[in-house]
Amino acid sequence: MDRFETEQHETEAVVESIEQARRGDAEAQFHFARTFAADDVEAAKWYRLAAEQGHAEAQTYLGSMYSIGEGVPQDDQEAVKWYLLAAEQGNANAQVILGVMYADGEGVPQDHQEAVKWYRL
């Protein structure tokens, strides 16, 4: 395969990925948010679409966006909501972050026992 054919193949793959995201494929939506979103607002839109379908990694990313106010208004309670959904699916990153939020009382009442529970999973 020469360079032109390789570039054409890559372009076709990108177009297919975007079409899959638009058709509602959660993994494609997550990939679109990470790779092609023009800004944080657009990334949050695509993460939300994937997160609402139960995509744990998208839920974690969306939680992070709410936690720091990137692309969405800063809202620790909304961050906890998304982290909890991901953590309940076994996402280790979300579990640790949720533990920190309970330890620090961010978006939830401070609860060291609950924090330890999430750290140990």
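Start at Gln29. Leaving out residues up to four places away in sequence, Gln29 touches Ala21, Gly24, Trp46, Leu49, Ala50 and Gln53. Contact here means heavy atoms within 4.5 Å. Gln29 sits in helix 2. Helices are DSSP runs of H or I, at least four residues, numbered from the N terminus. With a relative accessible area of 3%, Gln29 is buried. The cut-offs: buried is under 20% relative accessible area, exposed is over 50%, and partly exposed is in between, with a 1.4 Å probe and protein chains only.

A word on the source. This is a predicted model, where local features need pLDDT of at least 70 and side-chain atom pairs count only at pLDDT 80 or more, while totals for chains, interfaces and linings use all residues. Residues are numbered from 1 along each chain as its sequence is written, and side-chain values use heavy atoms, with hydrogens and water left out.

Now the rings. How many aromatic pairs does a search of the whole structure find? The search gives 5. Rings of Phe, Tyr and Trp (its six-membered ring) pair if their centres lie within 6.5 Å; planes under 30 degrees apart are stacked, over 60 edge-to-face, the rest tilted. Phe30 and Tyr61 are edge-to-face, at 5.3 Å centre to centre and 85° between the planes. Phe30 is in helix 2 (residues 26-35) and Tyr61 in helix 4 (residues 56-68), so this pair ties together parts 31 residues apart in sequence. Phe30 is buried at 4% relative accessibility; Tyr61 is partly exposed at 28%. Ring pairs also link Phe30, Tyr47 and Tyr61 into a cluster.

Next, the core. A nonpolar core is a set of buried Ala, Val, Leu, Ile, Met, Phe, Trp, Tyr and Cys residues joined through side-chain atoms within 4.5 Å. The largest one has 33 residues, and Tyr47, Leu62 and Leu98 touch the most other members. In soluble globular proteins, nonpolar side chains tend to be buried together.

Take Leu98. Again not counting residues up to four places away in sequence, Leu98 touches Val80, Tyr83, Leu84, Ala87 and Trp118. Leu98 is one of the buried residues of helix 6, which also include Gln95, Met101 and Tyr102. The buried residues of helix 6 pack against helix 4, helix 5 and helix 7.

What follows helix 6? Gly105 does, with a positive phi near 70°. That's my last slide.

Definitions and conventions:
Helices (H or I, at least four residues) and strands (E, at least two) are DSSP runs, numbered from the N terminus.
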